[in-house]
Amino acid sequence: MFEEERKRMILQYIEMHTRASVQELGQELSVSESTIRRDLRELEEARLLKRTHGGAVSLQSVNYEAAVPDKEDRFLEEKLRIARKAVEMIEEGDAILLDGGTTTLHIARALKSFRDLKVITNSIMALNELKDCRHIEVSITGGMLRPDTMAFVGPMTERSLDMVRVDKAFLGTNGLDIREGITTPNMLEAATKRKMIAVAKQTILLADHSKIGQISFCKVADLTEMDHCILDTDTPDSFRRQLDKLDVDYTLV
């Protein structure tokens with residue numbers, strides 16, 4: 001079987017079943033798992049599917065959200081650059097809000113040198129990073145825990161956020177599209193993110209280029225509602241031009 005035919009069959013199988021493991025694709029196509037892994041990597045680079053831990057899912061699955069282990073090492077260099085730029089925007093004495101996610105986790109890891117900072121987060125991972133920092137006042141929102149993201153969401157989380165006002169909120173996203181804006185697969189998560197935007201003087205969106213053009217189930221906000229976006233340098237030129245037309249403030253790192 002030729003490579004292009006094999007890739008076409010992989011895409012057809014995943015579109016039909018929404019998701020598939022490396023093992024079942026290898027059995028279905030009678031090829032080695034190493035060959036399937038290479039094909040999945042190349043198909044993801046072509047933005048034709050999304051790899052997961054042990055397999056792949058269709059990009060058409062707007063309800064799909066990868067678990068933290070699946071996301072932590074993906075586009076790591078881009079996330080680290082985005083996080084470093086975000087930290088540059090934080091000043092001593094600030095009260096900041098950190099959304100759940102792997103990019104905001106990198107921000108939390110970089111905050112330990114601050115001497116006067118208030119951090120509110122719905123992320124257990126961010127809390128674990130900062131819990132021993134004596135010069136940082138850390139608050140956790142509480143709420144309903146989403147195991148996939150290790151973050152609290154829901155009405156209890158929103159009520160907790162209602163009690164604070166912050167200088168800057170740093171938000172992640174699953175999808176970023178000019179027309180559809182910022183989207184996420186989970187309704188409760190979308191509502192929690194909207195509340196974060198409401199209680200912040202400034203909202204900074206963090207997104208690597210893999211999020212661009214993706215649309216998830218629930219809308220959070222329009223791009224024009226963001227005070228600033230931090231994107232990586234692989235952001236397509238066409239997307240940048242559209243941001244310029246909308247007068248959206250952004251930085252490329």
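Me: What should I know about the model before reading it?

Reply: The model is predicted, so local features need pLDDT of at least 70 and side-chain atom pairs count only at pLDDT 80 or more, while totals for chains, interfaces and linings use all residues. Residues are numbered from 1 along each chain as its sequence is written, and side-chain values use heavy atoms, with hydrogens and water left out.

Me: What counts as a salt bridge, and how many salt bridges are there?

Reply: Side chains of opposite charge can pair when their charged atoms come close. The rule here asks for a side-chain nitrogen of Lys or Arg within 4 Å of a carboxyl oxygen of Asp or Glu. By this rule there are 18 salt bridges.

Me: Where do Glu3 and Lys7 lie?

Reply: An α-helix has 3.6 residues a turn, so residues three or four places apart point the same way. Helices here are DSSP runs (H or I, at least four residues), as are strands (E, at least two), and both are numbered from the N terminus. Glu3 and Lys7 lie in helix H1 (residues 3–17), four residues apart. Their closest N and O atoms are 2.9 Å apart.

Me: Which residue forms a salt bridge with Lys85?

Reply: Glu88 does, with the closest N and O atoms 2.9 Å apart. Both are in helix H5 (residues 76–88), three residues apart, or about one helical turn. Lys85 is partly exposed at 24%, whereas Glu88 is exposed at 57%.

Me: What does the pair Arg109 and Glu129 look like?

Reply: Their side chains form a salt bridge at 3.2 Å, N to O. This pair links distant parts of the chain, with Arg109 in helix H6 (residues 102–109) and Glu129 in helix H7 (residues 124–130), 20 residues apart. Elsewhere, a network of salt bridges links Asp99, Arg146, Glu189 and Lys193.

Me: Which residues of H3 are buried?

Reply: They are Thr35, Ile36, Asp39, Leu40, Leu43 and Glu44. Among what covers them are H1 and helix H2 (22–29).

Notes. Buried means under 20% relative accessible area, exposed over 50%, partly exposed in between (1.4 Å probe, protein chains only). Contact means heavy atoms within 4.5 Å.
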